[in-house]
Amino acid sequence: MNWVEMDIYTTTEGIEAVTGSLLGMGINGFVIKDAKDFQDFLDDKDGNWDYIDDDLMGLKNCETTVTVYLPENAQGLENLEAMKLELKALKKRDVNNEFGRLEYELKNVKEEDWANNWKQYFKPLCVGEKLLIKPSWEKVAEGEKRKILEIDPASSFGTGQHNTTQLCLELVENLHEGDRILDLGCGSGILSIGALLLGAESATAVDVDENSVKIAKENAEKNHISAEKYTAYCGNIIDDKALVEQIGTGYDLLCANIVADVLIGMSGIFGGFIKDGGTLIVSGIIDQRKDEVLDRLKAEGFELIEIREKEDWVAASFRK
């Protein structure tokens, strides 16, 4: 397998925030280079050395960097898109500019080449018992009985290849015909569009990334969903009260496939969107954070209905 090296530029103060985001996405292998490590080495009064290795000397004036390795396949491309969104979110939270520039660079492949060639990674995929996900250029056999969900993710998270998306869609299958859906962190729009194909009446999609909102709308059109049934907003519900009011309340089903820290941060807001007896589906949770997220949602008054797990990823549904 080929691997893509992703260098994320930050500061000593930003290391914890960046690596925390990576761990939240299930990426637990990374390399850190920080000039402070070189200074700590020099300041070690107990050190007994007369030679400094070239690799260590290279830290002397380096920009603090967190390096991760992504497989050059569908999973890696989705992780890249998720990390790009997370870096944008970190920049917004970093009001004192302590975390540095929070930009990235890819090695071993040009991002535009990876993006232009991503079609080779996406093939038709059956999810759950009712859906078949496919990109627009792939054909399906005549007589296919599953609902066809056509998704072209472009530069947005959500192709159905990732375990978190699959787990979420499996739980979405339990919706009732005529339900109103709210999809927070919509990415490509795959969850809300899938819900509409399964019988939901209408869907509202929200994402902090303008490009994701644009792509979600385009994907809704590809699945012959009218603008009256599909509304998409760009913004952050945690600190945008006007957006929260615009989204409204009384939803039958809320989906949030994000990461553990964001789910915890939103936990106190979820209930305001959902009607009594409605359903909350959360995903994007690595196994190590499962209890933390589920306990927090229980503390907010949600009743746990079901847990699904796949390869260290967890999704769960709750009743309000």
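Predicted model: local features only at pLDDT ≥ 70, side-chain atom pairs only at ≥ 80, totals over all residues.
Together with Trp3 and Tyr69, Val31 forms a nonpolar patch on the surface. The three residues share about 300 Å² of accessible area.

## The largest pocket

Now to the pockets. The largest pocket holds about 920 Å³ of space. It is lined by 43 residues, and those closest to its centre are Glu86, Ala89, Ile258, Val259 and Val262. Two or more lining residues come from each of helix H1 (15–24), helix H4 (74–93), helix H6 (163–172), helix H7 (190–197), strand S9 (202–207) and helix H10 (260–273).

Among these contributors, H4 gives the most, with eight residues. By class, the lining of the largest pocket comprises 21 nonpolar, 14 polar and eight charged residues.

## The second largest pocket

The second largest pocket has about 270 Å³ of space. Its lining is made of 16 residues, with Asn174, Leu175, His176, Thr279 and Ile305 closest to the centre. Here the elements giving two or more residues are strand S11 (251–257), strand S12 (274–286), strand S13 (303–310) and strand S14 (313–319).

S12 supplies the largest share of this lining, at five residues. The lining of the second largest pocket divides into five nonpolar, six polar and five charged residues.

Technical notes:
Residues numbered from 1 in each chain as written. Heavy atoms only, no water. Patch = residues over 30% accessible without salt bridge, like charges linked within 9 Å, V, L, I, M, F, W, Y side chains within 5 Å. Areas by Shrake-Rupley, 256 points an atom, 1.4 Å probe, with all protein chains shown as cover. Salt bridge = Lys/Arg side-chain N within 4 Å of Asp/Glu carboxyl O. 1 Å grid on protein atoms, 1.4 Å probe; cavity = no way out; pocket = protein on both sides within 12 Å on 5 of 7 lines; lining within 4 Å. Points joined across faces, edges and corners; volume = space filled by probe spheres on them. Helix = DSSP H or I, 4+ residues; strand = E, 2+ residues; numbered from the N terminus. Nonpolar A, V, L, I, M, F, W, Y, C, P; charged D, E, K, R; others polar.
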